Every structure is written in structure tokens, then in C-alpha cells.
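Reader: Could we go through this model together? I would like to discuss its charged pairs and then its helix packing.

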Amino acid sequence: MSQKLAHQQILQNMDQVCSWFQGVSKRLPMPIYSSYDIRDAGYKIANVDANIYPAGFNNICPADKETSVGLMEKYLKTHYGPQVKNILLVTEEHTQNPFYWENIGAIHDLMTGAGFDIRIGFPRVLPEPLKVTSATGREFQVGSAVPNSDLLQGFNPDLVVSNNDFSNAYEEWAQGIPWAVNPPRELGWYQRKKSRYFRHYNDLVTEFCKIAEIDPFLFRVETEEFNHFEIENPDSRKELADRVNAMLMRLREDYSRRGIAQEPFVFVKNNAGTYGLAVIRVTSGEEVLSWGYKSRKKMKAAKGGRDVEEVIIQEGIPSIVKSDDATAEPVIYMIGTDLAGGFLRTHAEKDDTESLNSPGAVYKRLCVSDLAVDPEGCPKENVYGWSAKLGLMAIAREAKEMGVVFQGYRPGQDSPEKVCS
């Protein structure tokens, strides 16, 4: 089923789809923001990565940045009350990455534009405040995000908003702070698993597609967990290779039944990682067995130097999306349950089967705010948007399964027009 037909099915069943979405989302806390990498192969449009601590708000469509100010205000006032004024924004310690600070600047502008007072800090004690500079020359003062620090003198946070993905647990910091944190630290990569997320995502795809009368194959992404991975152990690599071959065989048979000519491939990914690290595309188990030093090194360590001990084997989805003749993939940002923004990640040096989340990526226009103007005339924004919404609900179910508590969070329900616009 093409993107256009999926769009039509969603529109025809919009009342039922919206009712289902509201029923699921109102029962579970939703993180303040999130982002989703989506691949569109024509025969399949699926969510292939979800980030609860997104780092590219600066790249979203300019029109989306404007509308996101109101979405941020609505989320914070709905779920934390009108008394929230002071927000402590806890960030990554990427002092030498000026592009990351463009993202922080965009988040800062969303919150100050919504009327909140913002301070920026690292989740540890600093000897003295730091000054960091973004790629466009904006300067930010960063201090210690701990009680009684210089940064917080005369500033009592009503809420901590985290943009640190907690690949490291920061246990000492967490034990010493009295404030609610959103997204909760416990959703960080020190304990989060991609396999858990994709299990919930695919379950939700089944529910959604039944209501929208769509073949769930269109939105699914086959994903398997491989535990006790030891990159330097030949037996472990042999077992992984066998699992890769088995998935490729199943995909080949499924594609053949459906008349899909695409030769299947898979990605082997760190089960608890981000920034596109420890991700390798393979087309056979024999490739796993022949990994040389460079590939083994790539799969050995993740962000923060953590060892890769679990991986997922995930169906590879090629991209038919192009921008200026470069391979592209849509990325959708959400604030709470609302579509907040989008962009196309492009990479002129990558083909349509490779990961585009790597150095050299360029970001192009994709505006989800166009949906509010003409829903029927925005098939890609609608279909990509629903993949993101399924991802958001998967995160919420993932958090529930993990026992994660959103401290201070008040349930609240958006209107149908806002949720499904």
C-alpha cells in the first residue's frame, strides 16, 4: 500500500483513529518532547529510531518553531500547572560540539517564548560556571544543576527538563535533587532498551492498522533482540550470524509473497545507544563473520565508552525519499502528544539503504504545521506524523513496563482537533 493510500485510509477512519489515540494516550504520562527517525520505502513506512532526549530542535521547519512555542506552553501548564515558572534545563556535557548548543538554544527559545525562566546546567558539580558557544555564536552560561549551586542562587526550579540522554546514570546527582525531572532520568540509555521500545511500537501498529483498515506490514519494522553479545568471541559472532541469516530468509520469503523486489538487508544495532553509534548494515551472516578490526571496534563501544553487550537485529528499510538528488529520511519531533516539527535528514554520500545519521548530514525543509492548514493535501506529513504518534505511545508503554514515574505530572487530555490535526 502506497503512502497516498495509507493517507486516505487514515483520513477515512480519522474519528475512530483519534478516539483510539486519545484512549491510549490519556492513560499514560507522555514525555515533554521526543523525536522519531522514519524510513519510507514505498512498500513500508516505519519508525526506525526514537529519541526521548532529542538534539535537533534547531533543524525543524521555521514555521514549526513558531507553532511549537504554544505547544510547549500548553504541555507545561496542562501537566504541571500554571504555577510553573522556573525551569532548569539539564544538558549533555558536549562543550566542544557547537551544533548541539544550537539545539539547546532552540529549546531555550521555545520555553522563554512561552513565558518561562530558564537556567542551563550539567548534572554534576562544576568548580565554576562555564561559557559555551553555539555554531552561530550564541553564548550560554552553564552551571551546576545541583541545589545551592551558584547557578541556582535565587532561582528555585519548579521543574527540571532534561536534554541529557543519561547514557551514564548520574546516580549521585539524581539522589541529591528535590525536583521533578521530565523526561525522567530512568528513561535514559543507561537502562533503556531499543528491543522493548520496538516490541511496543509493533504492538501499537497492529492496533492502529486494524482501526485504520491498513495492512500492518506497512508500518511494522521486524526487530529481534540478541543478548550476551561478545564482539571478540567467535562463538558469539557465529550465533549472531546465524540469527541474521534466519531473519533475512524470513524477510525474503515475506517480500516474495507480496511481490516486493527489494533484496532484504538488516542493521545490527546497539540495544541501548544513540547518536548513530554501534550501527552496522549487513546483507548476510557471512558479513558478520568477516567483520575486520574497524567493524569490530565500531560495535564494541557506545556513547560514554560503555561496552556493547546487547544488540538488536532490525529489518533494513531503504528510502525512496530524495532532496536535491540526495538520499533523505523524515524526522518528526513531538511536544507531548502534538506534532511539533519536522525536517528531512539528507546525506549526499550515503545510498538509500545506509544510515543517514552520520557526519555530513544536511537538514532540509519538512513542516508538520502544514497539516493544520490542509490535512488532506499533506499525505507525507500525515503518514509520517502517525508513525511518530505510534512511537510516542510506545515510549509511554515502555515507561510503564519499566516502572518509570513522572513525578509531579498531572494527567490531561488534549482536544481531538489538536491531537489529530
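Author: A term first: buried means under 20% relative accessible area, exposed means over 50%, and partly exposed lies in between, with a 1.4 Å probe and protein chains only. This is a predicted model, in which local features need pLDDT of at least 70, side-chain atom pairs count only at pLDDT 80 or more, and totals for chains, interfaces and linings use all residues. Residues are numbered from 1 along each chain as its sequence is written, and side-chain values use heavy atoms, with hydrogens and water left out.

Reader: How many salt bridges does the structure hold?

Author: There are 27, where a salt bridge is a side-chain nitrogen of Lys or Arg within 4 Å of a carboxyl oxygen of Asp or Glu.

Reader: Which residue pairs with Glu 315?

Author: Lys 44 does, with the closest N and O atoms 3.2 Å apart. Glu 315 belongs to strand S12 (residues 311-315) and Lys 44 to the loop between strand S1 (33-40) and strand S2 (45-51), so the bridge ties together parts that are 271 residues apart in sequence. Helices (H or I, at least four residues) and strands (E, at least two) are DSSP runs, numbered from the N terminus.

Reader: Is Glu 315 buried or exposed?

Author: Glu 315 is buried, with a relative accessible area of 1%. Lys 44 also counts as buried, at 1%.

Reader: What about Lys 238; which residue does it bridge to?

Author: Lys 238 bridges to Asp 242, the closest N and O atoms being 2.9 Å apart. Both are in helix H7 (residues 234-258), 4 residues apart, or about one turn of the helix. Lys 238 is partly exposed at 40%, and Asp 242 is partly exposed at 39%.

Reader: And which residues form a network of salt bridges?

Author: Asp 37, Arg 39, Glu 329 and Arg 345 are linked in one.

Reader: Changing topic: at what angle do H2 and H11 pack?

Author: Helix H2 (residues 14-25) and helix H11 (residues 379-402) pack at about 25 degrees, with axes 11 Å apart. Axes are lines fitted to C-alpha atoms, for helices over the stretch in contact, and angles run from 0 to 180 degrees between N-to-C directions. The two helices are therefore roughly parallel, a label for angles under 35 degrees.

Reader: Which residues meet there?

Author: Among them are Trp 20 and Phe 21 in H2, and Trp 386 and Leu 390 in H11; contact means heavy atoms within 4.5 Å.

Notes. Angles under 35 degrees count as roughly parallel, over 145 as roughly antiparallel, 65 to 115 as roughly perpendicular and the rest as oblique.
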